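Please open the model in a viewer and keep the selection panel at hand.

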Amino acid sequence: MPIVKKPSSGPFTRTERIIITIPVLLASLLHAVNMSTAYVALPNIQGNLSATPDQVGWVITAFVVASAIGTVITGWLANRLGRRRVFLGSIAGFTVTGALCASATGLEDLVVYRILQGVVSAPLLPISQAIMLDTYPRERHGFAMSIWSMGMIMGPVLGPTIGAIVTEAYNWRWVFSINI
């Protein structure tokens, strides 16, 4: 397949917009699902890693705080390294840290891996939103943001159900393995 030499802001054909939109939405959706599936697995993590409720709460808190910090530096990283590199690196980092979380042997390990996961996955949301705006013409920005928002809403809605099914059928480690 030949490499398309177009500027990142298009113009894109309908087919090209679909080809760009699907992976961007899937990456963002996976980030949103990951956050909410971990909530459901907390009791199992607590029991398996012999943690108190206060201690196991750090699995969520670490991810949220690290994501906030990572979001702040996203613009700087994108300007410095390029949006595509940061987005693809974020997807790769999210996958690797998901494997690390699944293989954690103690609560401290899991919290450290969640911090890493939060930092490396933080660029997924702002960059995916920017990609959507760049992919669609100005008059279709409302449509593009409605599609993107629908993906962001579906993550927290589907996440607890997916997390409960996976945790019950397998164990809490598989909640983090879905990222892979």
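Helices (H or I, at least four residues) and strands (E, at least two) are taken here as DSSP runs, numbered from the N terminus. This is a predicted model, in which local features need pLDDT of at least 70 and side-chain atom pairs count only at pLDDT 80 or more, while totals for chains, interfaces and linings use all residues. Residues are numbered from 1 along each chain as its sequence is written, and side-chain values use heavy atoms, with hydrogens and water left out.

**Helix α8**

Select residues 141–169, which form helix α8; methionine 154 is placed in this helix. Methionine 154 has a relative accessible area of 35% and is therefore partly exposed (buried means under 20%, exposed over 50%, partly exposed in between, with a 1.4 Å probe and protein chains only). Next, select Met150, Ile153, Met154, Val157, Leu158, Ile162 and Ile178, which make a nonpolar surface patch of about 590 Å². Such patches are made of residues with over 30% relative accessible area and no salt bridge, like charges being joined within 9 Å and nonpolar side chains (Val, Leu, Ile, Met, Phe, Trp, Tyr) within 5 Å. Accessible areas come from the Shrake-Rupley method with a 1.4 Å probe; for residues, only the protein chains shown count as cover.

Glutamate 168 also lies in helix α8 and, at a relative accessible area of 66%, is exposed. Its C-alpha is 24 Å from that of isoleucine 153, at a separation of 15 residues in sequence.

**The salt bridge**

Select arginine 83 and aspartate 134, whose side chains meet in a salt bridge at 2.3 Å, N to O (a side-chain nitrogen of Lys or Arg within 4 Å of a carboxyl oxygen of Asp or Glu). The pair links distant parts of the chain, 51 residues apart: arginine 83 in helix α5 and aspartate 134 in helix α7 (residues 124–135). Arginine 83 is partly exposed at 32% relative accessibility, as is aspartate 134 at 24%.

**The nonpolar core**

Finally, select Ile45, Val59, Leu110, Trp172 and Phe176, which touch the most other members of the largest nonpolar core, a set of 20 residues. A nonpolar core consists of buried Ala, Val, Leu, Ile, Met, Phe, Trp, Tyr and Cys residues joined through side-chain atoms within 4.5 Å.
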